Each structure stands twice: as structure tokens, then as C-alpha cells.
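Subject: Handover of a structure and the findings from it

Dear colleague,

Please find below the structure that I am handing over to you. The findings follow it, arranged by region so that you can read them with the model open.

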Amino acid sequence: MSAHCCPVDKEPAVDPAYRRALWVALVVNALMFVVELAASWSSGSLSLLADSIDFFGDAANYALSLVVVGMALSVRAKAALFKAACMAGFGVFVLGQAVCRLKSGAAPEALTMGVVGFAALLANVGVAWMLYRFRTGDSQMQSVWLCSRNDAIGNLAVIAAALGVFGTGSAWPDLIVAMVMGLLALTAARTVWRQARAELRGEPPPLAPHAHHH
């Protein structure tokens, strides 16, 4: 999920093409946030709402990486703390909404979920394809590429939820996907918070894992 998989606390990108790619990714994610937010309210889908907030988190992340890159580590770490708090708030909100809807049990509109989920998948695959050439750069470049790739996987989950709602006439598939997204946001918020706190204390940041190379 996006709101938590694009660290912005590494060295500045020097490649102008990479900076342009970040700007395009920012615009695409901001537009999809608006589209999915509107679709979530019209369809009653909580997983679409969760995914729309995820797009917002991505857009904010790309903007943050363009703004704070090259600044002092303490500034970037404080920005990461703010991001972690927002992610945790998102996770709590989505989980709370899911619990509230367990009682109402009203099934969302599956067709809107599926169509918008597919559009979101195309948007994320396009961004991932655009960033693919930068995946072997520094850890920030790797993270941004992995972020888009993981978001595409999240979109597939929303599409699966739409099929589940259509097939069962139940709200459960939508709620399950939304709850998973909420829990992932809480888990990632804790990770980002711990790393940012360590950076503010002057501890060396953990080395970028190489297990993500494919």
C-alpha cells in the first residue's frame, strides 16, 4: 500500500527524467484519489474508499520526496513522523468504518467497484511501468517503484472484492479487503514511526534490503 511504502529520507535524485517521472506519478495519483473517493461514496464501497486514501497518501509521498529531498535528515525524519501519524489515522478510520458496517450489512454496488478498481489498476501499472527503468537506482528509487507495484496488487484485491460482492450479494468481500488495507496501514505506520524516531536520535538508518531485487 502506498501511503507507507515510499520512503523519502534518502539522497536527492539527480536524474531529471526521474524527477519528471515523480511529477507525473504525483498528478496521476492525485487524480485517481478524486475519482475513487467519488466512486466510493456513490457505490458505498469501503475498499474503494480505502484505496482512494491510499492514492492520496501516494500523491503526498511523491510531493514530499520532491520538496524535502536534499534537506537535513532531521527535517525529513519529522516529515516521516507526520506521515506515519496520518497513516495510523487512516488505518483506524477504515477499521472503524468496517466495524460500523458489519451491522448494516448493505452490499456496495459491484459494477462501480469493478470498473473504478480496474481504472485504478491501469493507472498504477502505468506509473510502475514509467518508474521501472529507475528500479535499480538508490533505495529511494527502488522504494518508489515497489510502491507502485504493490499498489497495483492492492487494486487487484479491490477488483476481487467487487467480484465477491457481485457473486454473493454480500458486503463481506468489500469489508474484508478494506480491513486488510486498514491493518496494513497501521503496521506500516509503526515501521515508519520507529525509523523516523531512530533518525532523530542520530542512530544510523537500516541498510536498504536487497531482497526486493527481482
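A helix here is a DSSP run of H or I that is at least four residues long, and helices are numbered from the N terminus. With that definition in hand, one can say that α6 is followed by Gly 202, whose phi is positive, near 85°. Please keep in mind throughout that this is a predicted model.

**The chain as a whole**

The chain contains 6 helices and 0 strands. Read from the N terminus, its elements run α-α-α-α-α-α. Of the 214 residues in the chain, 48% are buried. The accessible surface comes to about 10,300 Å², and carbon and sulfur atoms account for 72% of that surface. Among contacts with a separation of 6 or more, 85% are between residues 24 or more positions apart.

Helix α1 has 28 residues, and the distance from its first C-alpha to its last is 40 Å, close to the 40 Å expected at 1.5 Å a residue. Its buried residues include Ala 17, Tyr 18, Leu 22, Asn 29, Glu 36, Ser 40 and Ser 43. Gly 44 follows α1 and has a positive phi, near 80°.

Ser 45 lies in the loop between α1 (16-43) and α2 (46-68). Is Ser 45 buried or exposed? Its relative accessibility is 1%, so Ser 45 counts as buried, given that buried means under 20%. The side chain of Ser 45 makes a polar contact with the side chain of Ser 47, at 3.2 Å. Leaving aside residues up to four places away in sequence, Ser 45 touches Ser 40, Arg 101, Pro 108, Met 113 and Asp 174.

**Pro 108, a partner of Ser 45**

Pro 108 is placed in the loop between α3 and α4 (110-131). With a relative accessible area of 8%, Pro 108 is buried. Which residues does Pro 108 touch, not counting residues up to four places away in sequence? They are Ser 43, Gly 44, Ser 45, Met 113, Val 165, Ala 171 and Asp 174. Pro 108 and Trp 172 are 64 residues apart along the chain, and their C-alpha atoms are separated by 9.8 Å.

**Ser 52 in helix α2**

Ser 52 is found in helix α2. Its relative accessibility is 0%, and Ser 52 therefore counts as buried. Not counting residues up to four places away in sequence, Ser 52 touches Phe 33, Glu 36 and Leu 37. Glu 36 is itself one of the buried residues of α1.

Val 177 has its place in helix α6. At 14% relative accessibility, Val 177 counts as buried. Val 177 touches Ser 47, Ala 157, Val 158 and Ala 161, again not counting residues up to four places away in sequence. Ser 47 is also the residue whose side chain makes the polar contact with Ser 45. Val 177 and Asp 51 are 126 residues apart in sequence, while the distance between them in space is 9.8 Å, C-alpha to C-alpha.

Val 99, Leu 102, Trp 172, Ile 176, Val 180 and Leu 184 make a nonpolar surface patch of about 540 Å². The elements that give two or more residues to this patch are α3 (73-104) and α6 (172-200). Which of the elements gives the most to the nonpolar patch? It is α6, with 4 residues.

Val 180 is found in helix α6, and at 45% relative accessibility Val 180 counts as partly exposed. Val 99 is found in helix α3, and its relative accessible area of 49% makes Val 99 partly exposed as well. Both values fall between the limits of 20% and 50%, which is why the residues are called partly exposed. Val 99 and Leu 175 are 76 residues apart in sequence and 8.7 Å apart in space, C-alpha to C-alpha.

Yours sincerely,

A colleague

Note on methods:
Residues are numbered from 1 along each chain as its sequence is written. This is a predicted model: local features need pLDDT of at least 70, side-chain atom pairs count only at pLDDT 80 or more; totals for chains, interfaces and linings use all residues. Side-chain values use heavy atoms; hydrogens and water are left out. Buried means under 20% relative accessible area, exposed over 50%, partly exposed in between (1.4 Å probe, protein chains only). A polar contact is a pair of N or O atoms within 3.5 Å; within protein, one must be able to donate a hydrogen and the other to accept it, and residues adjacent in sequence count only if both atoms are side-chain atoms. Contact means heavy atoms within 4.5 Å. Patches are made of residues with over 30% relative accessible area and no salt bridge: like charges are joined within 9 Å, nonpolar side chains (Val, Leu, Ile, Met, Phe, Trp, Tyr) within 5 Å. Accessible areas come from the Shrake-Rupley method with a 1.4 Å probe; for residues, only the protein chains shown count as cover. A salt bridge is a side-chain nitrogen of Lys or Arg within 4 Å of a carboxyl oxygen of Asp or Glu. The expected span of a helix is 1.5 Å times one less than its number of residues.
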